[in-house]
Every structure is written in C-alpha cells, then in structure tokens.
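Me: I would like to learn how to read a protein model, one feature at a time. Could you give me the general idea each time, and then the case at hand?

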Amino acid sequence: MAEADPAREVGAAIKRLRSARGLTLRELAERCGLSPGFLSLAERGVNAISLTSLFSIASALETDAVELLGAAGKRSRAEYAVTRHDDPRAARVVLGEREHRVLTADLPDQRIEVLATRVRPTDQPSPVTQHDGEEFCYVLSGELAFLLPDETVVLAAGDSIHFKSTTPHAVHNQGDVVAEVLWTVDRPLLRRSDGATC
C-alpha cells in the first residue's frame with residue numbers, strides 16, 4: 001500500500017473545505033494573507049505549509065487546524081498527564097521542513113502547548129508571519145535563525161528566544177544538520193476542546 005502523503009492530504013482538506021464554503025482561491029488568499037499561487041500549490045500538495053500558515057488558513061476557513069490535519073485519537077482530560085519518550089500515540093505533525101511532536105496533553109482550561117520540533121535545513125527561510133500570542137523556543141541541538149524586523153538572531157544549542165507572535169518573524173535552519181528545539185506556545189494549537197488532536 002502506498003504511504004500517505006501528509007502535504008497532499010492537508011491540501012485536499014483545504015480545497016474541500018474552501019469549496020464547501022463557496023470561496024475562490026483569491027477570496028481565501030485575501031482572508032488569510034497568503035497568495036493565490038501559494039494556496040493553489042498547497043491544495044495540490046506541492047507547497048509545504050508552515051504551521052503558522054496552516055493556522056491562518058484554518059482561521060480564514062472558520063475551522064480548527066486539526067480539521068485540516070485530521071484527528072488521531074483522544075487525549076486525557078485528567079488534571080495531569082505524563083508523556084513517555086517512546087509513546088507511539090504521541091501526536092506528530094509534519095509540515096514543510098518542520099516535524100512537531102506534541103508533548104503536552106489536553107488538560108482542562110489548558111493555556112500552553114509544548115512541542116519537540118525538528119527543523120530540517122533549507123535554502124530559504126519560512127514565510128514571514130505574525131499572529132496573536134507568545135512563543136518561546138529553546139535550541140537543544142543545531143542552530144536556528146529567527147528573522148525579525150530589525151535583526152536576524154541565530155540561536156545555538158542552549159540558546160533561547162521569547163517573543164510576542166505579533167512581531168513579524170520567519171525561521172531558517174541555515175546549517176547542515178537538523179535543529180532540534182523545544183517550542184512553547186501560549187495556547188493549544190494542535191488539539192480541539194473535545195480532546196481530539198492531530
């Protein structure tokens with residue numbers, strides 16, 4: 001059996017929901033701040049979509065990112081949760097050059113989400129983006145550059161950055177090895193209030 005292509009599956013989900021909403025590519029592009037050409041390639045699974053772009057598209061389609069990514073099980077609704085390093089049920093999301101492993105569970109009134117993220121080297125940085133909230137990134141290994149309005153900050157192992165997500169930013173692994181980072185965001189991004197997660 002052929003292995004599923006996540007980019008094509010996400011692209012098909014975007015196209016399906018866009019059509020159901022009666023939106024043209026241009027109308028969706030205006031709503032989410034991305035170009036019609038980028039969206040066309042994304043719907044065909046040609047363009048890799050960053051996590052931030054996916055959230056913008058989901059918001060423009062008035063849905064959750066997990067609706068586009070697909071749900072893969074339920075999370076605990078307990079007061080605490082333990083995540084084991086070898087848990088095969090841990091949610092993993094691959095978007096473009098980034099692979100995210102969700103470390104946090106779905107707790108009542110949850111306000112943070114922590115991701116173990118691997119960022120592959122690329123020739124070009126991710127698209128510049130900005131959105132509500134805060135982010136904290138701690139580099140475990142490799143190097144990762146954050147392109148900010150006034151400077152480019154290069155983080156090595158042991159370095160970290162904390163910033164308001166409303167600041168225009170892009171990410172780039174300019175090195176030769178995969179960068180491994182711990183990423184914390186101030187709201188759960190990859191799960192729904194009903195406990196489903198991507």
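Me: With which residue does Glu 97 form a salt bridge, and how far apart are the closest N and O atoms?

Reply: A salt bridge is a side-chain nitrogen of Lys or Arg within 4 Å of a carboxyl oxygen of Asp or Glu. Here Glu 97 forms one with Arg 98, and the closest N and O atoms are 3.3 Å apart. Before we go on, please keep in mind that this is a predicted model, in which local features need pLDDT of at least 70 and side-chain atom pairs count only at pLDDT 80 or more, while totals for chains, interfaces and linings use all residues. Residues are numbered from 1 along each chain as its sequence is written, and side-chain values use heavy atoms, with hydrogens and water left out.

Me: Are Glu 97 and Arg 98 buried or exposed?

Reply: Buried means under 20% relative accessible area, exposed means over 50%, and partly exposed lies in between (1.4 Å probe, protein chains only). By that scale both Glu 97 and Arg 98 are buried.

Me: How many salt bridges are there by this rule, and which parts does the one between Arg 118 and Glu 180 tie together?

Reply: The count comes to four. In one of them the side chains of Arg 118 and Glu 180 meet at 2.9 Å, N to O. Arg 118 lies in strand E3 (residues 113-119) and Glu 180 in strand E9 (residues 179-185), so this pair ties together parts that are 62 residues apart in sequence. Such strands (E, at least two residues), like helices (H or I, at least four), are DSSP runs, numbered from the N terminus. Arg 118 counts as partly exposed because its relative accessibility is 36%, and Glu 180, at 32%, is partly exposed as well.

Me: Which strands hold Glu 134 and Lys 164?

Reply: The side chains of Glu 134 and Lys 164 meet in a salt bridge of 3.6 Å, N to O. This pair links distant parts of the chain, with Glu 134 in strand E4 and Lys 164 in strand E7 (residues 160-164), 30 residues apart. Glu 134 is partly exposed, having a relative accessible area of 28%, and Lys 164 is also partly exposed, at 48%.

Me: How many helices and strands are in the protein?

Reply: The protein has five helices and nine strands, and read along the sequence they follow the pattern α-α-α-α-α-β-β-β-β-β-β-β-β-β.

Me: At what angle do helix H2 and helix H3 pack?

Reply: Axes are lines fitted to C-alpha atoms, for helices over the stretch in contact, and angles run from 0 to 180 degrees between N-to-C directions. Helix H2 (residues 25-32) and helix H3 (residues 36-43) pack at an angle of about 110 degrees, with axes 9 Å apart. That makes H2 roughly perpendicular to H3, a label given to angles of 65 to 115 degrees, whereas those under 35 count as roughly parallel, those over 145 as roughly antiparallel and the rest as oblique.

Me: Why is helix H4 described as largely enclosed by the rest of the structure?

Reply: Eight of the ten residues of helix H4 (residues 51-60) are buried, so the rest of the structure largely encloses this helix. The buried residues include Leu 51, Phe 55 and Ile 57. Just after H4, Glu 62 takes a positive phi of about 55 degrees.
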